[in-house]
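Hi everyone, thanks for making time this morning. Let's look at the structure together, and I'll talk you through a few contacts.

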Amino acid sequence: MSVFMDLNLSYTNDKSRMQSLIETAAHLGYSTVAINYTYELTIKKSKVPVPTPIKDLMEKLPIVQGRCRPIRVLNRLTVVMSEQCHFKKTGREFSAYDLLAVQPATEKLFHVACFTLDVDIICISVTEKRPFIIKRSPVNGAVERGIMFEVSYSAAIRDSTMRRYTIANAVSLVETCKGKNLILSSAAEKPLELRGPYDISNLGLLFGLSDGDAKEAVSSACRSVVLHGETRKTAGGIVHTMKCCSETPDQQEAPPADCEAPAAKRAKQLTE
Amino acid sequence: MKMRAELDQTPRSLLVSERSSFRDQKTRIRAQVEQLHFNYKVSVLLPECCSAPPHLDSIFNTFNSFYLIRNLPVYELLDKNFLETAVYQGSVYGVSYRTRIDEDNCVALTPKGHLTLSLDKDSFEILGVEGKPSRFNHRTKCRFVVSVDLTDSSMAPGGRGYQRLLTGLRSRLQLKTDFLLSHYPGGGASLQALLSRYDWSEHRPQISRHTLTDLSCPALLTSDLQSCDPHSFMEWVGAVDANVSCENSSSSFLSSLVCPEPRTTVSRALSVSVCGLLLPHDVHRLIQEIRCYLEQPHLESWVCLTVHGYADSPVSWGDNEHSVLKGGENFYSLLMFQDDTYHLHLATGAHDTCPP
């Protein structure tokens, strides 16, 4: 097993609420969390939100309860797709995020997301009655590509009708994917909507997962998602490029005309 | 909408029950106590008793001290001097502290000189030493166990196996954990060389005593009578130890645990708990002292001793691998009677091997 992770903490502009969310997650035993920014693709002229740097959000990250390391905070973007629209696969705005998720609203979009889109997570809607039937073929396609399906539980805490939808949608997903490639996360807006990892693992039993699968849904599967997100920025998961910050502005200027040294070729700027 | 029928089942647990006598030549009690190396808590329930008799108290107070080293680099356990003064002479008991067996890398050093490292996938691949996948991996192999016998000739200082592990722990993985350490019979003196190099503190086991009044307990007359089944008895012992009410009153929804029938009421009882890194040797001394205590006439002729192992230890009984699924319990409960007979119940959780 690997460390426990909650990969969906809803972003709000309220800084103190975000801080208490992260502190509560660390207290509950989560070693890694991801702050989720939602982006509606249909709203015209809406720009992809820029993630707040973690340093600005919290100066000192809290230590995870029972361990000696601070909690790790990632940035995640969820693109809500509800119409036929172009999803820029290699948009520059997306590269600022560690994880990329989509929430398809129709069966056709779900099919597209499972087979073609370069994402890490496909979110299953829990706030409405099953919008489309989840078929085995796209689910298997997504599993082969290493994409995970996500079920959020905080809606179930807020409202009893949502509880029914959450359980119903999750059970049908688990029947189709046979418990593989599933992560459970909170989508919490307030600290009180977070629950501990072992509690969520028990919730997984309600959804039809086995003991081992339910525990994996909060640990190993989340680790796979994070690694998948890291490899999205690499070439084939092997080569990683990093822009080197320019050392001094002098190097980029042309040498002065009255320089005594003979004209020499400008040194190539190295990119490692 | 179909839901799985197994929702009413709790995670798997194992309970082994045994009845024997201390006078029986074939009794395995000594081996069973010795094999649970890392004991976290020992609790004793003495019925019809309000204060512990002096001999028993002195045993509690003379449990071995243990040492906590902060941020110990694990390669130090391979130090030649440490091996010669501590590991080869007597028994070293060491287990990593504040590491979770299902999340972090855990280390254990058993008295026979076996070093066990329970590592996650990344750490195992970086270390580069031979190991096996954990028995409790589910779909993916995400946990690996490296088990090394430090007393074996291949692991003698300077040997190839030794060098490879030392290089791996020193330069490649650089594993550091807080470590609990104890030595029998040398005590702190044998560990001084290692302790002096790092931030260490000595700890005495913590003793706590509770007097319970009007305790309802199963009518345990003699060991011959089948008084109650092991599961209900273990639930009752756990409830008493955790100070959970067994009244099951209609107005309280906190606990529906009940004392198994047939039951009797004991006007007072003493519950003593000792917590820390406790050695099997001390547990054995305690058992002998309780036997002496029971030889004298008492109102109730039984005493219950429960020993809990560490939930996050990489090994439980012997060198068997241990892990945590929902709970990491590995403990045994010894119910001793006046006629030198006993009932022994050994229990483990889902991710564990069968107790001896």
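Across the interface of chain B and chain A there are twelve residue pairs in polar contact, both partners at pLDDT 80 or more. Please keep in mind that this is a predicted model. On the side of chain B that touches chain A, the residues divide into twelve charged, seven nonpolar and two polar. Between the two chains the count is five salt bridges. Have a look at one of them: the side chains of Asp104(B) and Arg67(A) meet at 2.4 Å, N to O.

So how much area do chain B and chain A bury between them? About 2,300 Å², with 48% of it on carbon and sulfur atoms. Glu103(B), Arg139(B) and Lys326(B) supply 27% of the area that chain B buries against chain A, more than any other three residues. In terms of contacts, 21 residues of chain B touch 32 residues of chain A.

Now, on to the aromatic rings. Over all chains, there are twelve aromatic pairs. One of them is Tyr37(A) with Tyr97(A), edge-to-face, 5.7 Å centre to centre and with 65 degrees between the planes. Tyr37(A) lies in strand S2 and Tyr97(A) in the loop between strands S3 and S4 of chain A, so this pair ties together parts 60 residues apart in sequence. Both tyrosines are buried, and together with Tyr11(A) they form one aromatic cluster.

My last pair is Phe110(A) and Phe149(A): the ring centres are 6.0 Å apart and the planes at 35 degrees, so this one is tilted. Phe110(A) sits in helix H3 and Phe149(A) in strand S6, 39 residues apart. Both Phe110(A) and Phe149(A) are buried.

Conventions:
Residues numbered from 1 in each chain as written. Chains lettered and ligands numbered in written order. Predicted model: local features only at pLDDT ≥ 70, side-chain atom pairs only at ≥ 80, totals over all residues. Heavy atoms only, no water. Phe/Tyr/Trp six-rings, centres within 6.5 Å; stacked < 30°, edge-to-face > 60°. Helix = DSSP H or I, 4+ residues; strand = E, 2+ residues; numbered from the N terminus. Buried < 20%, exposed > 50% of the residue type's maximum accessible area, 1.4 Å probe, protein only. Contact = heavy atoms within 4.5 Å. Buried area = accessible area lost by both parts, 1.4 Å probe. Salt bridge = Lys/Arg side-chain N within 4 Å of Asp/Glu carboxyl O. Polar contact = N/O pair within 3.5 Å; in protein donor to acceptor, adjacent residues only side chain to side chain. Nonpolar A, V, L, I, M, F, W, Y, C, P; charged D, E, K, R; others polar.
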